[in-house]
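Visitor: I have a model open and would like to go through it with you. Shall we begin with how the chains are arranged?

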Amino acid sequence: MNWNNLEGFISMGGYGLYVWGSYAMVLLWLAIEPYAAWRRQRNAQQEISNPTGWPQ
Amino acid sequence: MSTSIKLFTFAAPSTFYKLSGYLIPWLYCLSIAVGLTALYVGFFIAPTDATQGEAYRIIFVHVPAAWMSMVLYLVMAMWAAIGWAFNARLAYMVARAIAPTGAIFTFLALWTGAFWGKPTWGTWWVWDARLTSELILLFLYLGYMALVESIDDVRRSDKAGALLALIGVVNVPIIYFSVRWWSTLHQGATISMTAAPKMASTMLTAMLLMTIAFWAYAFAVVFMRTRAIILEREKNMGWVQFLSQQNKRKKQ
Amino acid sequence: MMSHNIMTLLIRRDLRLASRRRTDAFLPVVFFVVATSLFPLGIGPETNTLRQIAPGIMWVCALLSAMLSLNTLYASDHADGSLEQLMLSTHSLFLIAASKALTHWLITGLPLILISPVLGILFDMHLQAVATLTLGLLLGTPILSLLGGLGAALTLGVRNGGVLILLLILPLCIPVLIFGAGAVSAVDAGLSPRAHLSLIGAFLLLTSLGAPLATASALRIAEA
């Protein structure tokens, strides 16, 4: 174990902003991307069951 | 009924759609499990670095993201080439599905690189060979995405994208060599720009585990996106209509 | 040989067409001068600074200027159907693509090369630097025309094609930029620019073989 307490873990020896700034961005995109892909699939499915616009 | 799996069995969008749909949840689970393990090893087992302190722990996402960004470009170009060579629709669709994921990993490599550079080198951005090449790689991804999105005719956009991706692959070594030469020429700094902590084996383990997690994640997302593209393109096919009606009946 | 005739025929035809729209032909050069002149206004008139950054500025502006007129390289032929006719003919698409690139260089690249010494003086570059810059541009601008032709073929008929060409082709031009500006920096430092210029020469050889091939491919994709 490297950390004695929660504060040490969060502050990361003073580099907390950088370490957590990096990981936060990674997690953000690793959450956005699947959601966006899921949305795209949903829209495609809906387009098939309720086609909008002129029939092909 | 005997079903033999031939080389092109999974080249049919319908088969791929079903198989990938089954695999996606497992891939996400694998990604999360391995990722958490990697984080545990990286934060709780790997020791503090002597020169960089705790800031070096960014490496556990930075390096895997950079690896993913480079390999995904090659994979994307490969599938586009296969699509072109065999006139295989699904291969083209997979190539298109990979591009956004590759671009995002490239961006993450740049972002985490900048956040690593600030505490260790003192600036957010350094024009060193690797970061600059990574930036150019982002331009290559964006160029591919822009080209395929702006051509309306699907067949043409697939082929044009394939040609562009292959040209990119050929040029990447040339660009990297040029940028590396340029960076060593202009670098007067005494700090070694490639400073990475000497790898304790636990650090390497965490990095490799995270790479596996990223791979599983990439497979999952690319499969998801490919399925969406399949539905978009093949919506008039019988199997798609059949599936759609099956879903409707399930909901009722 | 018939193939040589197609090149001369095409080049003569395109030059004649360009001469009917002389203003269009001058736009890239004017842009080159204007864009290059913007930098001192933005950075400050300090002579030493300007002399140092001049090669980089000139090369970047040359890149951008060369890309400006690319949209029309194939567009007008595509619009009136003559491109399709050219492709249906038995002439080699490789040579057609090479001719188009050569025409583009004659109309855009060559004027850039000729005016660069004047701009070099504006930046107070010394004689050897100006000479190296001009020689580098002489070797490098054909590469830009060749790659630009590829970009134009890929984006034929596409909306926002002009900007899209920039996004696609500029990353590929980065090696030329690096070694072109690097040659002048070497001369400034008292070293020989021969290595840099040789590398640009090598890129030129590579590109003159590869780009028309890829452009022919792109044309087939666009028109098929």
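**Chains and their contacts**

Guide: Two pairs of chains are in contact, and of these, chains A and B share the most contacts. Please bear in mind that this is a predicted model.

Visitor: How many residues of chain A and of chain B are in contact?

Guide: On the chain A side there are 26 residues, and they are in contact with 30 residues of chain B. The chain A residues that touch chain B comprise 15 nonpolar, eight polar and three charged ones.

Visitor: And between chain B and chain C, how many residues are in contact?

Guide: There, 21 residues of chain B meet 19 residues of chain C. Helices α4 (129-150) and α5 (154-186) of chain B each supply at least two residues of the side that touches chain C.

Visitor: Which helix gives the most to that side of chain B?

Guide: That is α5(B), with twelve residues. By type, the side of chain B that touches chain C has 15 nonpolar, four polar and two charged residues.

Visitor: What about chain A and chain C, how far apart are their closest C-alpha atoms?

Guide: They lie 23 Å apart, and no contact joins chain A and chain C.

Visitor: Let us turn to chain A by itself. What secondary structure has it?

Guide: Chain A has two helices and zero strands. Its C-alpha trace spans about 65 × 20 × 10 Å along the principal axes.

Visitor: How does its radius of gyration compare with that of a compact globule?

Guide: For 56 residues, a compact globule would have a radius of gyration near 10 Å, whereas chain A has 21 Å. As for burial, 18% of the 56 residues of chain A count as buried.

Visitor: Now chain C. How many helices and strands are there?

Guide: Chain C contains nine helices and zero strands, giving the pattern α-α-α-α-α-α-α-α-α along the sequence. Its radius of gyration is 18 Å, close to the 17 Å that the globule rule gives for 224 residues, so chain C is as compact as a globular protein of that length.

Visitor: What are its dimensions, then, and what share of its residues is buried?

Guide: The C-alpha trace of chain C spans about 55 × 30 × 30 Å along its principal axes. Buried residues account for 48% of the 224 residues in chain C.

Visitor: What share of the contacts in chain C joins residues at least 24 apart?

Guide: The figure is 81%, taken among contacts between residues at least 6 apart in sequence.

Visitor: I am looking at α6 of chain C. What span should it have, and what does it have?

Guide: Helix α6 of chain C covers residues 93-122; at 1.5 Å a residue, its 30 residues should span 44 Å, and the end C-alpha atoms are 42 Å apart, which agrees.

Visitor: Where is the kink in that helix centred?

Guide: The kink in α6(C), of about 40°, is centred on C:Trp105. After α6(C) comes C:Asp124, whose phi is positive, near 60°.

Visitor: One more residue, in chain B: where does B:Phe43 lie?

Guide: B:Phe43 is part of helix α1 (residues 13-45) of chain B.

Visitor: Why is B:Phe43 classed as partly exposed?

Guide: B:Phe43 has 19 other C-beta atoms within 10 Å, and a residue counts as buried only if 20 or more lie within that distance.

Visitor: And how far is B:Phe43 from B:Trp116?

Guide: The two are 73 residues apart in sequence and 16 Å apart in space, C-alpha to C-alpha.

Conventions. Residues are numbered from 1 along each chain as its sequence is written. Chains are lettered from A and ligands numbered from 1 in the order in which they are written. This is a predicted model: local features need pLDDT of at least 70, side-chain atom pairs count only at pLDDT 80 or more; totals for chains, interfaces and linings use all residues. Two residues are in contact if their C-beta atoms, placed from the backbone, lie within 7 Å. Ala, Val, Leu, Ile, Met, Phe, Trp, Tyr, Cys and Pro count as nonpolar, Asp, Glu, Lys and Arg as charged, and the others, Gly among them, as polar. Helices (H or I, at least four residues) and strands (E, at least two) are DSSP runs, numbered from the N terminus. The expected span of a helix is 1.5 Å times one less than its number of residues. The bend at a residue is the angle between axes fitted to the seven residues ending there and the seven starting there. The radius of gyration is taken over C-alpha atoms; the globule rule is 2.2 Å times the number of residues to the power 0.38. A residue is buried if 20 or more other C-beta atoms lie within 10 Å of its own, exposed if 12 or fewer, and partly exposed in between; C-beta atoms are placed from the backbone.
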